[in-house]
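Here is a short briefing on one structure, for a reader meeting it now. It covers helix packing, then some backbone details.

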Amino acid sequence: MKWALITGITGQDGSYLAEFLLGKGYEIHGLIRRASTFNTDRIDHLYKDFHDSQAKVYLHYGDLAVSGQLTDLINDIKPDEIYHLGAQSHVRVSFDMPEYTGDVTGLGTLRLLEAIRKSGIKARFYQASSSEMFGAAPPPQSETTLFQTVKKWLAEDVYDTNRIERDYGFHPQVDLIEGLKREVRWYRQNQQKKVVGFTF
């Protein structure tokens, strides 16, 4: 059985990914932020108490802003695959709280990669970003197109992608996929997604 760690598991894409991987026989570990209210509505149908012998989804409190938590979690779980979907991706909040957005979205990825490197595990790493990272670059776009983002909240994704390639020597696998219309997709229908995968 393969083990997967999903950051952003409570988001719309994270919940569908968890459901998909469960169908493939994976054991799922999800990183969730501690909050005063529960925000697990999208995965409640997947989650069982960890004492239940049928449990296949385990939730761990943590934050992309805290490197020690990420390092401990990676060392404890030793996942085969890591799906990094967690970020501060709300456009309005990115303007209201730009430093926080940069810290969680940009440096959060770096912290996660450092935790993987320090653990020594050989895992596959996938990072979801936005096709809008290409910004003003004229179509058609490909893996060799330079990023020319025009929205400040995407600068963190560009930072992550450039650092991963330059500093960690991982080779990106890039797919542009069309956002799916689902019942939880109430405000972002037909959004393009950019999925970047890196293999150690």
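In this predicted model, helix 2 meets helix 4 through two sets of residues. Helix 2 brings Ser-67, Leu-70, Thr-71, Ile-74 and Asn-75. Helix 4 brings Gly-108, Arg-111, Leu-112, Ala-115, Ile-116 and Ser-119. By class, this contact has 5 nonpolar, 5 polar and 1 charged residues.

**How the two helices pack**

- Two packed helices are described by the angle between their axes and the distance between the axes.
- Helix 2 spans residues 67-77, and helix 4 spans residues 98-119.
- Their axes lie 9 Å apart, at an angle of about 40°.
- Helix 2 and helix 4 are therefore oblique to each other.
- The crossing of helix 2 and helix 4 is right-handed.

**Helix 4 itself**

- Helix 4 has 22 residues.
- From first C-alpha to last, helix 4 reaches 30 Å, close to the 32 Å expected at 1.5 Å a residue.
- At Leu-107, helix 4 bends by about 40°.
- Gly-120 follows helix 4 and has a positive phi, near 80°.

**Backbone exceptions**

- Most residues other than glycine have a negative phi, and most peptide bonds are trans.
- Lys-78 is not a glycine, yet its phi is positive, about 50°.
- Lys-78 sits in the loop between helix 2 and strand 4 (81-84).
- The peptide bond from Pro-139 to Pro-140 is cis, with omega near 0°.
- Pro-140 lies in the loop between strand 5 (124-130) and helix 5 (155-168).

Conventions. Residues numbered from 1 in each chain as written. Predicted model: local features only at pLDDT ≥ 70, side-chain atom pairs only at ≥ 80, totals over all residues. Heavy atoms only, no water. Axes fitted to C-alpha atoms, helices over the stretch in contact; angles between N-to-C directions. Helix = DSSP H or I, 4+ residues; strand = E, 2+ residues; numbered from the N terminus. Parallel < 35°, antiparallel > 145°, perpendicular 65-115°, else oblique. Left-handed = near helix turned anticlockwise from the far one by under 90°. Contact = heavy atoms within 4.5 Å. Nonpolar A, V, L, I, M, F, W, Y, C, P; charged D, E, K, R; others polar. Expected span 1.5 Å × (residues − 1). Bend = angle between axes of the 7 residues up to and from the residue.
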